[in-house]
Amino acid sequence: MHEVSLVFGIRAAVEKAARVYGLSRVFKIKLVVGQDLMVLPEAMAFAFEHLKRAPLTPDAVLEIEVRPGRDLLVENFEGEP
Amino acid sequence: MKVKLGYPVLQANQAIADRNREAFQRHFLLVLNLMSSPGAGKTTFLERWIRLAEDRLRLGVIEGDVATTLDAERIAACGTEVVQINTHGACHLDAGMIARTLGHFDLARLDCLVIENVGNLVCPADFDLGETLRVTLLSTTEGADKPEKYPAAFRHADAVLLTKTDLLPYVPFDLTRFHGTLSRLNPDAPVFQICALTGEGMEQWTQWLLSRRER
C-alpha cells in the first residue's frame with residue numbers, strides 16, 4: 001500500500017516538470033519499476049486512477065515497464081500547453 | 001510533446017536517508033533497522049536484549065507503529081530512551097520520519113540506536129532509513145517458506161534472527177528449508193536462532209553486533 005505515497009511523489013515530480021516545460025495538460029506518464037522492488041504495478045495503476053488531478057487529464061494513462069533491478073523512475077511524460 | 005525526465009521516485013527518501021547516515025557516522029552510532037511481520041517478536045526480543053546489552057552499549061530505541069504507544073511504553077519500562085512514531089495508516093517508516101525524531105536523542109551519548117519498523121514484511125524493505133544494519137526477524141510460527149515468499153526483506157538483510165525457537169518442538173518449522181533458502185538468497189547474512197523467553201542465542205547475536213561496531 002505504499003504505492004499511494006509513491007504516486008504522490010510521481011505526481012509532484014511531473015507537475016513540477018510540466019510547469020517548467022509550459023505544459024498545462026499531461027495525458028501520459030511512462031514509469032519504470034524494478035522487479036526487485038516491493039512495488040506492485042497493479043497497485044500503482046489503482047492509486048494513479050484515484051489520485052489524478054491537474055495537470056493530469058481525467059483520461060491520463062500510466063504506462064509501466066517492469067525491468068530487472070531496483071530502479072523506480074519516471075522515464076518520460078507526454079502533454080500539451 | 002514528450003518530455004524525457006528520468007526522475008528517480010525514491011530519491012527524495014534516499015537523500016534524507018543519506019543525511020541520517022552521515023549524522024549517525026559522525027557520532028559513531030550503530031543503527032539497526034528491525035523488520036518483520038507483525039507478531040514475530042521484535043518488541044519482546046528488544047526487551048530481553050536491552051537487559052543483556054545495556055551494560056555494554058548505551059541504547060536508544062525508535063518504535064514505529066500504525067497506532068498506539070504500547071511498544072514505546074514497554075521499552076520505556078526497561079529504562080531505555082525511546083520515541084514512538086505513529087504512521088497513522090502508512091505501512092512503513094521512511095527516512096524523513098526518522099530525521100524528525102533524531103532531535104529527541106542526544107546522539108553523542110548513544111552507542112546503538114534501534115529502529116523497530118512497522119510490522120510488515122513487504123513495504124519497509126524499499127525504504128532506506130540511513131541504518132547501519134538491516135535485521136530481519138522471522139518467528140518459527142510463521143513457517144519456513146516465508147523467505148521464499150517475501151524475498152526482498154531477507155535478500156538485503158545484514159542479519160536474520162529466527163525467533164521463538166522454544167516452539168520448534170511443537171510447530172512444523174522446516175529448519176533445513178529455511179537455512180537452504182537463506183543461503184541461496186543471502187549467503188553473507190548470519191542467521192541467529194533466538195528465544196527471548198529463555199535468552200537462547202542472545203549472547204551470540206550481541207557478540208556479532210559488537211564485532212560489527214568495531215569495524
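In chain B, seven strands form an open sheet in the order β4-β3-β5-β2-β6-β7-β8, with parallel pairing; two strands count as paired if DSSP finds at least two bridges between them. Helices (H or I, at least four residues) and strands (E, at least two) are DSSP runs, numbered from the N terminus. This is a predicted model, in which local features need pLDDT of at least 70, side-chain atom pairs count only at pLDDT 80 or more, and totals for chains, interfaces and linings use all residues. Residues are numbered from 1 along each chain as its sequence is written, while chains are lettered from A and ligands numbered from 1 in the order in which they are written.

**The sheet of chain B**
- The edge strands of chain B are β4 (81–86) and β8 (191–193), each of which pairs on one side only.
- From one strand to the next, the twist averages 20°.
- Strand β7 (residues 159–163) of chain B runs parallel to β8(B) and is joined to β8(B) by three bridges.
- Opposite B:V160 stands B:V191 in β8(B).

**Nonpolar cores**
- A nonpolar core is a set of buried Ala, Val, Leu, Ile, Met, Phe, Trp, Tyr and Cys residues joined through C-beta atoms within 7 Å; buried means that 20 or more other C-beta atoms lie within 10 Å of a residue's own, with C-beta atoms placed from the backbone.
- The largest core has 56 residues, of which B:V114, B:I115, B:V160, B:L161 and B:I194 touch the most other members.
- Strand β2 (residues 30–35) of chain B gives the most to this core, namely five residues.
- Beyond its neighbours within four places in sequence, B:V160 is in contact (C-beta atoms, placed from the backbone, within 7 Å) with B:T136, B:L138, B:F154, B:L182, B:A189 and B:V191.
- Another core, of 25 residues, lies apart from the largest one and includes A:A18, A:I29, A:A60 and A:V74.

**Where chains A and B meet**
- Chain A gives 23 residues to the contact and chain B gives 19 residues.
- On the side of chain A that touches chain B, α1 (3–20) and β3 (72–80) of chain A each supply at least two residues.
- The largest share of that side, nine residues, comes from β3(A).
- β3(A) pairs with strand β1 (residues 2–8) of chain B in the antiparallel sense over five bridges.
- Within β1(B), B:K2 is the bridge partner of A:E78.

**Confidence**
- Chain B has an average pLDDT of 94, and 99% of the residues score at least 70; pLDDT is the predictor's confidence in each residue, from 0 to 100.
- The model scores ipTM 0.85 and pTM 0.82.

How values were computed:
Contact = placed C-beta atoms within 7 Å. Axes fitted to C-alpha atoms, helices over the stretch in contact; angles between N-to-C directions. Buried ≥ 20, exposed ≤ 12 C-beta atoms within 10 Å, placed from the backbone.
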